[in-house]
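Subject: Structure handover and findings

Dear colleague,

Please find below the structure that I am handing over to you. My notes on it come after the sequence and the coordinates.

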Amino acid sequence: MSSLAGKDGPRYRHVADEAAPYETIGVDKLTPIIGAEITGVDIGRLVSEEARPNRQMDEIHRALAENLVIFFRDQRITAAQHLAFGRRFGELHVHPAAPNEGDDPALMKIHADKDSPRANGEGWHSDVSCDPEPPMGSILHIKQCPPHGGDTLFASMYAAYEALSERMKAYLDGLTALHDGEPIYRGLYANFGVADKPAYPRAEHPVVRTHPVTGKKALYVNRGFTRHIIGVPRDESDAMLAYLYQHAENPLFQCRFRWTENAIAFWDNRCTQHRAMWDYWPHTRTGTRVTVKGDRPV
Ligand code: SIN
């Protein structure tokens with residue numbers, strides 16, 4: 001792990017946006033850089049109200065933009081309410097490979113127990129970044145937790161970008177990289193009885209993308225899906241990606257969420273990466289994820 005420490009104070013100095021107070025929700029930050037727990041929201045009730053402009057929904061949008069990942073506890077929602085909450089943020093994305101829970105293909109199953117060959121999200125990634133239009137956000141509802149462990153870690157890709165040297169930012173400017181789902185998805189869900197598709201998505205995306213809502217730049221390469229940087233020799237791409245992954249995974253840019261039953265995490269895939277810990281074997285962790293469609297990264 002590289003150190004960002006120096007003798008002239010921290011190399012990365014987080015400057016928080018000037019935040020007006022919230023009126024309809026509580027926002028309790030996990031770190032100054034990323035993550036906040038939201039209180040005063042009953043998602044089941046919120047989605048049962050008519051879908052018209054709603055002050056609390058506006059503030060949830062704002063809390064997501066300001067904190068990159070937001071958490072809600074004690075939300076005993078049904079599958080229909082989970083899907084309806086996702087739809088308040090946009091059209092739903094259907095995972096190209098993962099199994100769904102029940103009938104709706106947009107309700108992705110997240111499950112690991114003592115017999116599982118693997119658990120979801122056990123490496124740093126941004127969800128389905130191999131899609132030409134990768135998801136803007138993911139909403140995970142965990143219904144059954146292990147007694148300890150099973151945390152999810154989130155990292156700010158704004159902070160990771162900002163902490164790069166000016167020379168590195170200049171080098172990355174204008175570069176694109178290939179993201180490919182094929183090597184990761186083929187055969188991945190065989191234990192759930194999922195048959196492989198003839199092909200999985202692949203796409204070329206900018207190495208640094210600009211967030212369509214905040215206008216901020218975020219590093220957009222990840223170990224899960226990015227294969228190589230386009231237009232540079234393969235050894236240079238390998239070395240550069242190795243450096244960028246190691247840099248992006250610095251704990252300075254992270255928060256870590258400890259799940260409780262019926263908690264929800266809602267993360268913005270455009271400016272974060274996450275990884276789930278599978279440290280709870282032989283216990284069970286289970287839930288569902290609803291994913292909201294996004295735009296082509298620019
Ligand atoms: C995922 O990558 O969606 C899984 C995250 C988790 O299970 O915590």
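**Conventions**

This is a predicted model, in which local features need pLDDT of at least 70 and side-chain atom pairs count only at pLDDT 80 or more, whereas totals for chains, interfaces and linings use all residues. Residues are numbered from 1 along each chain as its sequence is written, and side-chain values use heavy atoms, with hydrogens and water left out.

Helices (H or I, at least four residues) and strands (E, at least two) are DSSP runs numbered from the N terminus. A cavity is a set of points where a 1.4 Å probe fits but cannot get out, and a pocket is an open set with protein on both sides within 12 Å along at least five of seven lines. Lining residues have an atom within 4 Å of a point. Grid points are joined across faces, edges and corners, and a volume is the space filled by probe spheres set on the points.

The largest pocket has a volume of about 400 Å³. Its lining comprises 22 residues, and those closest to the centre are His14, Val15, Ala16, Asp17 and Lys216. Two or more lining residues come from each of β1 (26–29), α2 (55–67) and α4 (157–162), with α4 giving the largest share, four residues. By class, this lining has 12 nonpolar, three polar and seven charged residues (Ala, Val, Leu, Ile, Met, Phe, Trp, Tyr, Cys and Pro count as nonpolar; Asp, Glu, Lys and Arg as charged; the others, Gly among them, as polar).

The second largest pocket holds about 350 Å³ of space. It is lined by 26 residues, with Arg118, Asn120, Gly121, Glu122 and His125 nearest its centre. At least two lining residues are supplied by each of β5, α6 (182–185), β15 (272–276) and β16 (285–292). The classes here are 13 nonpolar, eight polar and five charged residues.

**Cavities**

Three cavities of 30 Å³ or more were found in a search of the whole structure. The largest cavity contains about 60 Å³ of space. Its lining consists of Ile110, His111, Ala112, Ala119, Asn120, Ala276, Met277, Trp278, Tyr280 and Arg285. Strand β5 gives the most to this lining, with three residues, and by class the lining has seven nonpolar, two polar and one charged residues.

Ser126 lies in the loop between β5 (107–112) and β6 (137–144). Its relative accessible area is 2%, so Ser126 is buried (under 20% relative accessible area; exposed is over 50%, and partly exposed in between, with a 1.4 Å probe and protein chains only). The side chain of Ser126 reaches the backbone oxygen of Asn269 at 2.8 Å.

Arg275 lies in strand β15. The C-alpha atoms of Arg275 and Ser126 are separated by 8.9 Å, although the two residues are 149 apart along the chain. Not counting residues up to four places away in sequence, Arg275 touches Gly121, Glu122, Gly123, Trp124, Asp151, Thr152 and Leu153, where contact means heavy atoms within 4.5 Å.

Ser138 is in strand β6 and is buried, with a relative accessible area of 0%. Its side chain makes a polar contact with the side chain of Asp127 at 2.6 Å. A polar contact is a pair of N or O atoms within 3.5 Å; within protein, one must be able to donate a hydrogen and the other to accept it, and residues adjacent in sequence count only if both atoms are side-chain atoms.

Ile70, in strand β3 (residues 69–72), is buried at 0% relative accessibility. Beyond its neighbours within four places in sequence, Ile70 is in contact with residues including Ala36, Ile38, Ile264 and Phe266.

**Cysteines**

With a disulfide taken as a pair of cysteine sulfur atoms within 2.5 Å, the count comes to zero. The closest cysteine sulfur to that of Cys130 is in Cys271, 19 Å away and therefore too far for a bond. For Cys145, the closest is in Cys255 at 16 Å, also too far for a bond. Cys130 is buried at 0% relative accessibility, and Cys145 is buried at 15%.

Kind regards

Conventions
On a 1 Å grid over the protein atoms alone, a cavity is a set of points where a 1.4 Å probe fits but cannot get out, and a pocket is an open set with protein on both sides within 12 Å along at least five of seven lines; lining residues have an atom within 4 Å of a point.
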